[in-house]
Amino acid sequence: LNKEYSSNLERWNKFCLNLRETEVRNLILVDQWNAITEASQNSDHPLFRFRSIDSKIGFSKFVGAVSSSFVPIDAARNVFRDAEAECAKCRVEPLNMDDLHDLRVIWRDRQPPIQVDDDTLLALHECTGGIPRLLEFFAAARSNNPLTTVDSPEWRRQCTNYYVGRMKSVSRNVSDSNERMCFHGELASLFLRNRELPNVYSVFASHWLSSGLLVPDEAQQFLVPANLFVREAIDNYISNEQVRLLRSMYTDKVMKWRALELFVFLQLRKGKTTLTGTDLRGTDRIVLPFDHQQLQIIDVGQDFANDPQLFLDKHNGGQPFKAGTVLIPTWTTHPAADAVLFVNVEGFSKPQIIFAKVSMSSYSDHSSKIPNLQIIRRQWKFSVLESYQIAFGVTVALNRDLAKGKLPQNVQYVYVTTNETLLGPSSQYSGHNVVLMRTANIQNLNEQLWGEMTQSNI
């Protein structure tokens, strides 16, 4: 150790000695614990015994307050400073439920005491992912207002805005053009949900991890949002930066298709949208206007396919989703649709189930079509159509004409593509009940944004 810091080290050793000798139990909170040292890798390091954020000496207990990135910094050269630190060595995990119970004891000892019941504690862990900063945001909010709940808008907004700031910081620190394109593509995947997520070997993985926005999944294969507030922050960031993102991606040959999909679903997630198109022959014009004050966006994973009713039991109190809902399948092998909307459409007496698919190819060339909605695939309990009918509380009725591309009442299939191919009357698929949205129809979703993306208005 440098002599310059020897006095600090002496004070630290004396402090530890006093703790060992006292019979009074102390709770010591250490700020920025993950920026102190890589002591866990060196047994003769002065801080080796404190390599955990929950360490003890004598009767006393240390609790480390780690920064939100959860990336410890190598500061071995200067034990009590991290000014020269450059690299991350190991990962400090978010708080688990046992940690939260310990934290609740600390909250109860504060003045005034902060009371949190078991249900609230569980809900906090589910929505924050155990991130200490967000938990303390909640404690502060409840201290000011004991009626604060996990659904309180002000607290949720504070958490989301925190990650919005992180998103902006990550964006500012990306200067390399290849990294920036990777960043944009992975942002689109995170927004769309139905594309392969960033993986742990991604060019941009270190940025995501060090920001605390994404964490490895259970299989240590993909990077997923640390909590639902990260998801909301990503959606917020893309909505605010959509012109720049779309223009950058659309001008790149590899990313152009992703820009198209992002453009379409930015519009479909709005509460008020009009879908226009034709049949596959281009003869009949079709208009589907819907207007909801706000659409509820819900991710559905593979467990939805396994049993849609159990999915409802777990995520919606056993009740079907109401009109004004968009379900987004989050696995890449989901057939026939990128998103499924359940909305009140003008001119129809009942809400419509709208399967939406975006592609650069023509409908006839695409591998997944309307007949795929009736197939019971591996790991699916019901067919695709039946599963979503259950999700929306719509009467399930067998439709033998699905194999011929005929849809039951109150079900729509919207195929969005920049491919201008139309089918002739004798074509194999010309009779399928498809609402075909081509370039002009896509542009009509948002003419100004389309022009800015394609730069056709310059």
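Predicted model: local features only at pLDDT ≥ 70, side-chain atom pairs only at ≥ 80, totals over all residues.
Reader: Where does Asn 410 lie?
Author: Asn 410 sits in a loop; helices (H or I, at least four residues) and strands (E, at least two) are DSSP runs, numbered from the N terminus. The loop runs between helix 13 (384-391) and strand 12 (411-417).

Reader: What is phi of Asn 410?
Author: Asn 410 is partly exposed, at 24% relative accessible area (buried is under 20%, exposed over 50%, partly exposed in between, with a 1.4 Å probe and protein chains only). Asn 410 isn't a glycine, yet its phi is positive, near 65°.

Reader: And Gln 220, what's its relative accessible area?
Author: Gln 220 lies in the loop between strand 4 (214-216) and strand 5 (223-225). Its phi is positive too, about 55°, though Gln 220 isn't a glycine. Gln 220 is exposed, at 51%.

Reader: Which helices do the buried residues of helix 4 pack against?
Author: Helix 4 covers residues 132-144, and its buried residues include Leu 134, Phe 137 and Arg 142. Those buried residues pack against helix 2 (97-108), helix 3 (118-128), helix 5 (153-172) and helix 8 (228-240).

Reader: Where is Pro 112 found?
Author: The peptide bond from Gln 111 to Pro 112 is cis, with omega near -5°. Pro 112 is in the loop between helix 2 and helix 3.

Note on methods. Residues numbered from 1 in each chain as written. Heavy atoms only, no water. Expected span 1.5 Å × (residues − 1). Contact = heavy atoms within 4.5 Å.
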